[in-house]
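Student: I would like to learn how to read a model of this kind. Please take me through it, feature by feature.

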Amino acid sequence: MRRPARWGLGAVGAGVVVVLGLDVAALGEIDPLRRTISEHGLTELGWLFGLGVTLLAVGSAAIGVSLARARLAGAVGTLALLAWSAGLLVAAYFPKHDWSVGPSLSGSIHRAGSLVAFLCLPLAALIIARPWRRGVRRPASLVAFGLGVCSLLYVSGLGVLVLLGAQDGLRWWQVVPLGLVERGLAAVEVAAVAALGFWAAGRKLSAEYAVAGAVESRPKNLA
């Protein structure tokens, strides 16, 4: 059960290194405060950006599989985590668009994939790692839950700012330093995925869950 989680953590780490490397290499061309991470997909190294995001998506899915096999993630939590992975893949392979010159099909698909990913990850972390659930609780699960709360507050705050800006006639990309905000949100959400991965990869996880499950399944009149 732990092996997919460990592979997933490795893939997530490799994906993060690739994307961070692109950010560092393109500092003179892409302003990280104003330009989103997806800008890398429009450069000559777009294939490398796609590879990095794919590693992140596949690693997240592997962590989800490990959690599901350990019976730590129910159907809704697993689907939310897989939706995060699917959204990442869509955002990576459908290039972003310059919305100042009008809409495009690829840009609309890219934006939809990004929204699905950024919204589903907090949901997955909150459902899977909720501290009041019965069964195994480890420090990594509490960290994942806390990061899920932070992600949800981050997304909610951004949504409020966008609505307030719209009242003043501002477009959503003009309200905040979009690149900085997106990178901050991505960092929190990837950290939540990593925390879930460390939880799933814990050495004593299976044994602890088996004991907890046995205690919960005992008839009340025998407890």
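Student: Where is serine 114 placed?

Tutor: Serine 114 sits in helix 4, residues 105-128. Helices (H or I, at least four residues) and strands (E, at least two) are DSSP runs, numbered from the N terminus. This is a predicted model, in which local features need pLDDT of at least 70, side-chain atom pairs count only at pLDDT 80 or more, and totals for chains, interfaces and linings use all residues. Residues are numbered from 1 along each chain as its sequence is written, and side-chain values use heavy atoms, with hydrogens and water left out.

Student: Does serine 114 count as buried or exposed?

Tutor: Serine 114 counts as buried, because its relative accessibility is 17%. Buried means under 20% relative accessible area, exposed over 50%, and partly exposed in between (1.4 Å probe, protein chains only). Leaving out residues up to four places away in sequence, serine 114 touches Gly87 and Ala91. Contact means heavy atoms within 4.5 Å.

Student: What share of the protein is buried?

Tutor: Of its 223 residues, 43% count as buried.

Student: How many helices and strands are there?

Tutor: The protein has eight helices and zero strands. Along the sequence the pattern reads α-α-α-α-α-α-α-α. Among contacts with a separation of 6 or more, 76% come from residues 24 or more positions apart.

Student: How is the packing of two helices described?

Tutor: Two packed helices are described by the angle between their axes and the distance between the axes. Axes are lines fitted to C-alpha atoms, for helices over the stretch in contact, and angles run from 0 to 180 degrees between N-to-C directions. Take helix 1 (residues 2-25) and helix 2 (residues 46-69): the angle is about 160°, and the axes are 7 Å apart. That makes helix 1 roughly antiparallel to helix 2. Angles under 35 degrees count as roughly parallel, over 145 as roughly antiparallel, 65 to 115 as roughly perpendicular and the rest as oblique.

Student: Which hand does the crossing of helix 1 and helix 2 have?

Tutor: Helix 1 passes helix 2 in a left-handed crossing. A crossing is left-handed if the near helix is turned anticlockwise from the far one by less than a right angle, and right-handed if clockwise. Residues making the contact include Gly8, Val12 and Gly15 of helix 1 and Gly52, Leu56 and Gly59 of helix 2. By class, the contact of helix 1 with helix 2 has 15 nonpolar, six polar and two charged residues. Ala, Val, Leu, Ile, Met, Phe, Trp, Tyr, Cys and Pro count as nonpolar, Asp, Glu, Lys and Arg as charged, and the others, Gly among them, as polar.

Student: At what angle do helix 2 and helix 3 pack?

Tutor: Helix 2 and helix 3 (residues 75-93) pack at about 170°, with axes 9 Å apart. They are therefore roughly antiparallel to each other. Their contact has 16 nonpolar, six polar and no charged residues.

Student: Where is the pLDDT below 50?

Tutor: pLDDT is the predictor's confidence in each residue, from 0 to 100. The protein averages 84, and 84% of the residues score at least 70. Over residues 206-223 the pLDDT is below 50. Beyond near neighbours in sequence, that stretch has twelve contacts in the model.
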